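The sequence and the structure are shown first, and the points are then grouped by topic.

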Amino acid sequence: MTYLLPPLNALRAFEAAARHLSFKQAAHELHVTAGAVSQQVRLLEERLGVQLFERRTRQVILTSAGETYLAQVRKAFRCLAEATAELKPEGVTSLLHIGLHASFAVDGLRARLAQFRRAQPQLTIRISQPAGLHELLEGKVDVVISDRVQRYPGYKCEPLERGFLIAPLGTADCPEIEALRSCLLGDVEPARPATPRAALVAGTAKPRAMTASRRP
């Protein structure tokens, strides 16, 4: 059966723009220009025959049609991610890049991360400190652990036993982050992700400082 689908690039631009509620931030994540994101979204709207965003002076807002479509697009992306993960040969590792806020004490996490490593032997963990919401917005890390609440449109901030776990809405419920969340909350045996899991990378990487001025 042949499926009449919109171009994947247009769907990626739409999902990112909907998550950030910003063409500029979506462009930053996708490493393209804001104009390219806007054009992809416009082409998608023309193809679908519906308006997905309401354009305002410094913001875009999802229409009711956009909200409905976003939920289904996210489900489709997740299905694609899971199908792709199932194809990975035995022994191929996936990487989960964790950012720690500058003031967060990594020593308190070592026992939990060691437990996570044992439970998920084929998921590589990389830790970057300092890293915060700005690094997450730029896509330099997959998830951030902070000692204080940090909220931003398109991102989920959840309380842990110590601190808060912050991840993009589009990936906050993916198996790897669900397993990490479960482990950080103290579960003895966190749920195993559907994708291959990992070895803990020793040491911390220092990401480049962000220049973005926009703050939550």
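**Lead points**

Both F14 and F53 are buried, where buried means under 20% relative accessible area, exposed means over 50% and partly exposed lies in between (1.4 Å probe, protein chains only). The model is predicted: local features need pLDDT of at least 70, side-chain atom pairs count only at pLDDT 80 or more, and totals for chains, interfaces and linings use all residues. Residues are numbered from 1 along each chain as its sequence is written, and side-chain values use heavy atoms, with hydrogens and water left out.

**Aromatic pairs**

- Aromatic pairs number 3, counting rings of Phe, Tyr and Trp (its six-membered ring) with centres within 6.5 Å; planes under 30 degrees apart count as stacked, over 60 as edge-to-face and the rest as tilted.
- The ring centres of F14 and F53 lie 5.7 Å apart with the planes at 65°, so this pair is edge-to-face.
- This pair joins distant parts of the chain, since F14 belongs to helix α1 (residues 8-20) and F53 to strand β1 (residues 53-55), 39 residues apart.
- F23 and F53 also make an edge-to-face pair, at 5.7 Å centre to centre and 85° between the planes.
- Here too distant parts of the chain are linked: F23 is in helix α2 (residues 23-30) and F53 in strand β1, 30 residues apart.
- F23 has 12% relative accessibility and therefore counts as buried, and F53 counts as buried because its relative accessibility is 0%.
- One aromatic cluster is formed by F14, F23, F53 and Y69.

**Overall architecture**

- The protein contains 7 helices and 8 strands; helices (H or I, at least four residues) and strands (E, at least two) are DSSP runs, numbered from the N terminus.
- Of its 216 residues, 44% count as buried.
- Among contacts with a separation of 6 or more, 65% are between residues 24 or more positions apart, a contact being heavy atoms within 4.5 Å.
- The accessible surface is about 11900 Å², of which 53% belongs to carbon and sulfur atoms; the areas come from the Shrake-Rupley method with a 1.4 Å probe, and for residues only the protein chains shown count as cover.

**Nonpolar cores**

- The largest nonpolar core has 23 residues, and those with the most contacts inside it are I98, L100, F116, I145, L165 and L180; such a core is a set of buried Ala, Val, Leu, Ile, Met, Phe, Trp, Tyr and Cys residues joined through side-chain atoms within 4.5 Å.
- Two or more residues of this core come from each of β3 (94-100), α5 (110-119), β4 (123-128), β5 (143-146), β7 (164-168) and α7 (175-184).
- Helix α7 gives the largest share of this core, 5 residues.
- Apart from this core lies another, of 20 residues, including A13, F14, V41 and L70.
- Beyond its neighbours within four places in sequence, I145 is in contact with I98, G99, L100, H101, F104, L109, L160, F164, L165 and L184.

**Helix α7**

- Of the 10 residues of α7, 9 are buried, and the helix is mostly covered.
- These buried residues are P175, E176, I177, A179, L180, R181, S182, C183 and L184.
- G186 follows α7 and has a positive phi, near 100°.

**Largest pocket**

- The lining of the largest pocket comprises 37 residues, of which R19, A81, G170, T171 and C174 lie nearest its centre.
- On a 1 Å grid over the protein atoms alone, a pocket is an open set of points where a 1.4 Å probe fits, with protein on both sides within 12 Å along at least five of seven lines; lining residues have an atom within 4 Å of a point.
- Its space is about 1200 Å³, the volume being that filled by probe spheres set on grid points joined across faces, edges and corners.
- At least two lining residues are supplied by each of α1, α2, α4 (64-86), β3, β6 (155-159) and α7, and the largest share, 9 residues, comes from α4.

**Two buried positions**

- A27 lies in helix α2 and counts as buried because its relative accessibility is 3%.
- T63 is in the loop between β2 (60-62) and α4, and its 17% relative accessibility is why T63 counts as buried.
- Leaving out residues up to four places away in sequence, T63 touches Q51, L52, F53 and E54.
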